[in-house]
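Here's a quick briefing on a predicted model. Take a look at the structure first, then read on.

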There are 2 protein chains.
Amino acid sequence: MPERGRPRTFDRTAALRQAMELFWAKGYEGTSMAELTAAMGISSPSLYAAFGSKEALFLEATDYYTRTEGTEIWAALDEAPTACQAIENFLRQTARAYSQSDRPQGCLIALGALHQDSSSGAICDDLRRRRAENHTLLLRRLERGVAEGELPPGFDSDAAATFYATVQHGMSIQARDGASCDALMATVAGAMAAWQGLAGTA
Amino acid sequence: MPERGRPRTFDRTAALRQAMELFWAKGYEGTSMAELTAAMGISSPSLYAAFGSKEALFLEATDYYTRTEGTEIWAALDEAPTACQAIENFLRQTARAYSQSDRPQGCLIALGALHQDSSSGAICDDLRRRRAENHTLLLRRLERGVAEGELPPGFDSDAAATFYATVQHGMSIQARDGASCDALMATVAGAMAAWQGLAGTA
DNA sequence: TCCTTTATGTAACGATCGATACATAAATAT
DNA sequence: ATATTTATGTATCGATCGTTACATAAAGGA
């Protein structure tokens, strides 16, 4: 059953991808409507008809980002047999993804809008919620490690999840500063060197 | 020897401090001239006469930030007798400073302008240079630890400095998300748990 | 065929952006 | 006293911001 009315002449998903890459590279406030319409290859009224507003477009772009760009990073958590390997693979995938030269460096969720007091309260809140969800994913995997006996009963999964999430956030800034994949891997090695200490102090 | 011409009626340093706090809270692009003049209590021409431009004001504000806000964090590096204690104190001071409720959370140098492609190339470059300087400070302290025999000869000071700098950058985002000092201390504990591993693998 | 519905293209909206022209005021230098 | 120098206050500059009217084009439904 086809749509009513005149069909749109552009690929909505392709346009959304272009918007995502622009927001990813320049942040929410740093990206103008003029740049968006140019990159998406559509006019301003078409953009508003298809996506609602700049804010709604950003929210949809971050959702698209999560579904397309973040998958390999977070899939590593469930694929590895142990929590230790899961965290390490998670960080190594992060290092690889954040340093790719054919796309913006670092993470859209971490860098897209950091200044709350700006005109974009909803944007900032949405990104913060997504960061909290990521923390929860790490926490669940670590708790599973405790449940399976890999980690001691007193292991502070929440503190460890916070630590590794923080390292990943720092890697976004490091990547924005031009760090190579190897340089990011040095940080991964440092973070994983903490594993023995974290698992032992329980 | 007093100045020629009509003396200015406002405290230049106090105005600079107000500008710094605003840039700190909202970032370079997120802060408007109207907000700056309101917070500084001066008119737009007075601002331009005293500081040159918004960009020059930001550069001077970051310099003021480095001289006034960052001192306690980086002083910890030289005061502690061992490199291990130096890094730990450095991170603990960071946790405390980043979570103060009477000032913006996180670090101006880390969060002030992260998106290079924006209109602010010089701003971004300046902050990146300052971050590189901070990395160098960590590196020098670790190299001193190697020279003094505290750390083994093969210790990778550069990788360790990168790791701890990355953790600090991540703490800025964590603090922006509302993390308490205790929560940041959990990350510090995680980062210091890596010390044994880093010092031992050399 | 005519009506409804949706999309496109042109053009422009009011608001805000960073930055200034201009006249006036207040200090020193001669 | 006069000239010079610097700061202030008002008012506004052109450019860009996100957003939208409006007329037209292209589809399905009756």
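DNA strand D has 22 residues around it, with Met33(A), Ser44(A), Tyr48(A), Lys54(A) and Arg6(B) the closest; a residue is near a strand if one of its heavy atoms lies within 4 Å of it. This is a predicted model, where local features need pLDDT of at least 70 and side-chain atom pairs pLDDT 80 or more, while totals for chains, interfaces and linings use all residues. Residues are numbered from 1 along each chain as its sequence is written, chains are lettered from A in the order written, and side-chain values use heavy atoms, leaving out hydrogens and water.

**Touching the DNA**
- Sugar or phosphate accounts for 70% of the atoms of DNA strand D within 4 Å of the protein, and bases for the rest.
- The side chain of Arg6(A) puts an N or O atom 3.2 Å from a base nitrogen of DNA strand D.
- On the backbone side, a polar backbone atom of Thr9(B) sits 2.9 Å from a phosphate oxygen of DNA strand D, and one of Arg6(B) is 3.1 Å from a sugar or linking oxygen.

**Chain A meets chain B**
- Each chain brings 35 residues to the contact (heavy atoms within 4.5 Å).
- About 2,900 Å² is buried between chain A and chain B, 62% of it from carbon and sulfur atoms; buried area is the accessible area (1.4 Å probe) that two parts lose on being put together, summed over both.
- The interface has 2 salt bridges (a side-chain nitrogen of Lys or Arg within 4 Å of a carboxyl oxygen of Asp or Glu).
- Asp177(A) and Arg131(B) form a salt bridge at 2.8 Å, N to O.

Key. A polar contact is a pair of N or O atoms within 3.5 Å; within protein, one must be able to donate a hydrogen and the other to accept it, and residues adjacent in sequence count only if both atoms are side-chain atoms.
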